[in-house]
Amino acid sequence: MTAHTRPRHLSLFTGSGIGDLAAREAGFDTVAQCEADPACQYALKKLWPDAHLFTDVHDVSAIALGRHGLLPIDIISGGFPCQDISTAGKGAGIEGSRSGLWREMFRVIRQVRPRFILIENVPPLRIRGADRVLAPLERIGYACWPLVVGAWAVGAPHKRDRVWIV
């Protein structure tokens, strides 16, 4: 943790902010978010009026974060798009046009160098791209711990497994 009172969190592919609510409960200050969907942006602005909101992951960088006084960042979290990885999709894998945005998430991680990273995706990531997520992170010095946790594990009435990479 940096000299700040609470760890500083950057959320990528934020969605409606459910993960950021969990981060808040865990004691993190979400200082910046990135979400392309206008409806989600509306919710995020209401829930985190003080967080900087990027609308395109291509615009997030260490330079942009620094320009807004948002560095250092202690943790980056995000669930990059899963449409190309999911079994419900066409199976393009992590190189697909949507799931390929992983490369942008990695670029931000490499530039910002947070102490921790939390990545979420669908279980087929394990066979449709996990090596392309884990290997680059390990090459730049992160020890990765992937695991599958279902929503049922925290009391939800449905089975919605997710891959989490810490």
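The questions below concern this predicted model.

Q: Why is Gly129 called buried?
A: Gly129 has a relative accessibility of 4%. Buried means under 20%, so Gly129 counts as buried.

Q: Where does Gly129 lie?
A: Gly129 is in the loop between β5 (116-121) and α5 (130-139). Its C-alpha atom is separated by 18 Å from that of Phe13, and the two residues are 116 residues apart along the chain.

Q: What makes Thr14 buried or exposed?
A: The relative accessible area of Thr14 is 10%. The cut-off for buried is under 20%, so Thr14 is buried. The residue sits in the loop between β1 (8-12) and α1 (18-25).

Q: Which residues does Thr14 touch, not counting those up to four places away in sequence?
A: Thr14 touches Asp20, Gln33, Cys34, Glu35 and Leu44. Each of these counts as a contact because it has heavy atoms within 4.5 Å of Thr14.

Q: What makes a set of residues a nonpolar core, and which members of the largest one touch the most others?
A: The members are buried nonpolar residues such as Leu, Phe and Trp, joined through side-chain atoms within 4.5 Å. The largest core has 36 residues, and Phe80, Trp102 and Leu137 touch the most other members. Elements that each supply at least two residues include β2 (29-34), α3 (62-67) and β7 (161-165). The element that gives the most is α4, with 6 residues.

Q: Which residues is Leu137 in contact with, leaving aside neighbours within four places in sequence?
A: Leu137 is in contact with Trp102, Phe106, Ile109, Ile117, Ile119, Tyr142 and Cys144.

Definitions and conventions. Residues are numbered from 1 along each chain as its sequence is written. This is a predicted model: local features need pLDDT of at least 70, side-chain atom pairs count only at pLDDT 80 or more; totals for chains, interfaces and linings use all residues. Side-chain values use heavy atoms; hydrogens and water are left out. Helices (H or I, at least four residues) and strands (E, at least two) are DSSP runs, numbered from the N terminus. Buried means under 20% relative accessible area, exposed over 50%, partly exposed in between (1.4 Å probe, protein chains only).
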